[in-house]
Amino acid sequence: MDRNACFITLAQADYGEIHLCRGCHANLSFRFNNIFQVMMPEEFRRLVRHVESVDADGFFGLPQTASCGENRRIYLGTTIEPLYFCFTRPELDDLRRLLQEAYERLKTLEKAWTELN
């Protein structure tokens, strides 16, 4: 089976991808590094809002103690409680870019579906 016949790619990069199930318009598959989750579009929109609401500059700009010895990581919850993941600043930036690209494409597709119906 041709994978492209089943999924619409919303965003894709070396570190992740987000696909929409073709035909059902009800499920998205989300992969970022070692994270994989299937979610409904509303859950995806909540995830985008949550990740965008994080004050990354404020968090990563805080002084770090010398005894820490590793890159600072921010812990973010998911749409499933109490599941959370941690990200370095470059990982968080990559995640934001991937989510934003997929979100913009999803909005375009939903607008087109609304206008066609």
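## Cavity and core

The lining of the largest cavity comprises 10 nonpolar residues, 4 polar ones and no charged ones. Here Ala, Val, Leu, Ile, Met, Phe, Trp, Tyr, Cys and Pro count as nonpolar, Asp, Glu, Lys and Arg as charged, and the others, Gly among them, as polar. The model is predicted: local features need pLDDT of at least 70, side-chain atom pairs count only at pLDDT 80 or more, and totals for chains, interfaces and linings use all residues. Residues are numbered from 1 along each chain as its sequence is written, and side-chain values use heavy atoms, with hydrogens and water left out.

A cavity is a set of points on a 1 Å grid over the protein atoms alone where a 1.4 Å probe fits but cannot get out; lining residues have an atom within 4 Å of a point. Grid points are joined across faces, edges and corners, and a volume is the space filled by probe spheres set on the points. The count comes to 1 cavity of 30 Å³ or more. The volume of the largest cavity is about 130 Å³. It has 14 lining residues, and F30, L47, T78, F85 and F87 are the closest to its centre. Strand 4 supplies the largest share of the lining, 3 residues. Helices (H or I, at least four residues) and strands (E, at least two) are DSSP runs, numbered from the N terminus.

The largest nonpolar core has 27 residues. Such a core is a set of buried Ala, Val, Leu, Ile, Met, Phe, Trp, Tyr and Cys residues joined through side-chain atoms within 4.5 Å. L10, I18, F30, F44, L92 and L99 have the most contacts inside it. Helix 4 gives the most to this core, 7 residues.

I18 touches F30, F44 and L99, among others, not counting residues up to four places away in sequence. Contact means heavy atoms within 4.5 Å.

Two residues can be set side by side. Buried means under 20% relative accessible area, exposed over 50%, partly exposed in between (1.4 Å probe, protein chains only).

| Residue | Element | Relative accessible area |
|---|---|---|
| V51 | helix 2 | 2% |
| H19 | strand 2 | 4% |

V51 touches L76, L92, L95, R96 and L99, leaving aside residues up to four places away in sequence. V51 and D93 are 42 residues apart in sequence, yet 9.9 Å apart in space, C-alpha to C-alpha.

The H19 side chain makes a polar contact with the side chain of E17, at 3.5 Å. A polar contact is a pair of N or O atoms within 3.5 Å; within protein, one must be able to donate a hydrogen and the other to accept it, and residues adjacent in sequence count only if both atoms are side-chain atoms.

Definitions and conventions. 1 Å grid on protein atoms, 1.4 Å probe; cavity = no way out; pocket = protein on both sides within 12 Å on 5 of 7 lines; lining within 4 Å.
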